[in-house]
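Visitor: Could you walk me through this one? I would like to start with the packing and then move on to the contact between chains.

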Protein chains: 2
Amino acid sequence: MGFFSKDIKNMDDLFLHTLRDIYYAEKQIVQALPEMIEKSSDPQLKQGFQSHLRETENHVKRLERVFQLQGQDAKGVECPAIDGIIDEANEVAGEVEDKNVLDAALIAAAQAVEHYEITRYGSLIAWAKQLGRQDCATLLQQNLDEEKAADRKLTAMAESNVNRKAA
Amino acid sequence: MGFFSKDIKNMDDLFLHTLRDIYYAEKQIVQALPEMIEKSSDPQLKQGFQSHLRETENHVKRLERVFQLQGQDAKGVECPAIDGIIDEANEVAGEVEDKNVLDAALIAAAQAVEHYEITRYGSLIAWAKQLGRQDCATLLQQNLDEEKAADRKLTAMAESNVNRKAA
């Protein structure tokens with residue numbers, strides 16, 4: 001994790017560590033989305049992934065502004081959680097032949113990614129507020145709102161046509 | 001993942017695969033919670049983890065009933081996502097000395113676990129309904145409701161005393 005023994009001494013350190021974690025995660029997602037766009041068949045799903053890729057690129061930039069506000073260089077720390085989520089998505093997608101079943105699997109994989117981001121942003125926002133950094137909290141909240149909106153759209157797709165076609 | 005090439009042929013296969021994934025995850029969480037109980041200091045947090053351990057043991061049993069309803073033996077598949085989430089929780093916790101900061105880190109780690117379960121149960125319930133398996137959906141919904149309640153309790157703790165003490 002780039003830290004030596006007991007290197008998180010206070011809440012500022014925990015905040016910075018988790019900021020680096022989500023920064024790494026967002027950058028991994030930017031790399032993973034093009035393959036999900038390519039693998040998806042439903043036009044609405046494909047378009048949803050495309051627009052989320054643009055949002056995610058913007059999330060990376062917003063995080064860079066948070067680093068700047070903290071007087072820190074933007075850098076990631078390895079995040080076994082998002083690596084595991086993306087590995088699992090690739091493994092499952094590799095097992096599916098039928099394009100409608102693959103769409104359902106891709107939606108589930110994308111929602112696992114969204115929920116990871118939602119939980120990390122939730123923690124970061126709570127900590128930023130308690131550290132008196134409303135400026136950072138506001139930027140992080142913008143990312144969180146877009147992740148939640150993306151998750152809601154995926155739920156609507158999961159519950160409507162994509163899954164019905166697959167069943 | 002225990003699957004050979006293109007082994008998920010239809011939605012029933014995807015449902016069963018994901019059921020095995022969450023079954024493995026719930027069992028890993030049963031193993032991880034005692035350490036989180038031991039590491040936590042805040043009495044409310046410690047008690048929350050203890051009561052969630054009992055709930056999680058019950059989730060495993062409910063999943064075994066879903067396997068039974070599907071005419072399948074209960075078994076897990078390796079789940080890189082939950083392994084990554086738990087590894088990351090252990091790594092971060094290992095970096096923290098201050099007990100209040102450690103509590104904040106443990107809450108964040110537990111919320112990452114909850115959100116992983118919330119997303120998997122959400123997908124499974126949508127698929128069970130579309131496959132006409134309301135009996136399975138009802139059992140999975142009971143687990144989901146408890147995960148969501150656990151997450152809400154953790155959010156309330158994150159936003160109140162535990163974090164304030166740490167800052």
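Visitor: At what angle do the axes of helix 4 of chain A and helix 5 of chain A cross?

Guide: Bearing in mind that this is a predicted model, the axes of helix 4 (residues 99–130) of chain A and helix 5 (residues 134–159) of chain A cross at roughly 155° and come within 9 Å. With angles over 145 degrees counted as roughly antiparallel, that makes helix 4 of chain A roughly antiparallel to helix 5 of chain A.

Visitor: Is that crossing left-handed or right-handed, and how many nonpolar, polar and charged residues does the contact have?

Guide: Helix 4 of chain A passes helix 5 of chain A in a left-handed crossing, and the contact of these two helices has 15 nonpolar residues, along with six polar and six charged ones.

Visitor: OK, and how far apart are the axes of helix 1 of chain A and helix 5 of chain A?

Guide: The axes of helix 1 (residues 11–39) of chain A and helix 5 of chain A are 14 Å apart, and the two helices pack at an angle of about 35°, again in a left-handed crossing.

Visitor: Which residues make that contact?

Guide: From helix 1 of chain A come F15(A), L19(A) and E26(A), while helix 5 of chain A brings C136(A), L140(A), N143(A) and E147(A); by class, this contact of helix 1 with helix 5 has four nonpolar residues, one polar and two charged.

Visitor: What about salt bridges, and which residue does R62(A) pair with?

Guide: R62(A) forms a salt bridge with E146(A), with 3.6 Å between the closest N and O atoms. Because R62(A) lies in helix 2 (residues 43–69) of chain A and E146(A) in helix 5 of chain A, the pair ties together parts that are 84 residues apart in sequence.

Visitor: Switching to the interface, how much area do chain B and chain A bury between them?

Guide: Chain B and chain A bury about 4000 Å² between them, with 59% of that area on carbon and sulfur atoms. Of the area that chain B buries against chain A, E88(B), E95(B) and Q130(B) supply 18%, more than any other three residues. The contact takes 50 residues from each of chain B and chain A.

Visitor: How many salt bridges are there across that interface?

Guide: The rule finds two across the interface of chain B and chain A, and in a salt bridge at 3.2 Å, N to O, the side chains of R120(B) and E88(A) meet.

Conventions. Residues numbered from 1 in each chain as written. Chains lettered and ligands numbered in written order. Predicted model: local features only at pLDDT ≥ 70, side-chain atom pairs only at ≥ 80, totals over all residues. Heavy atoms only, no water. Axes fitted to C-alpha atoms, helices over the stretch in contact; angles between N-to-C directions. Helix = DSSP H or I, 4+ residues; strand = E, 2+ residues; numbered from the N terminus. Parallel < 35°, antiparallel > 145°, perpendicular 65-115°, else oblique. Left-handed = near helix turned anticlockwise from the far one by under 90°. Nonpolar A, V, L, I, M, F, W, Y, C, P; charged D, E, K, R; others polar. Contact = heavy atoms within 4.5 Å. Buried area = accessible area lost by both parts, 1.4 Å probe. Salt bridge = Lys/Arg side-chain N within 4 Å of Asp/Glu carboxyl O.
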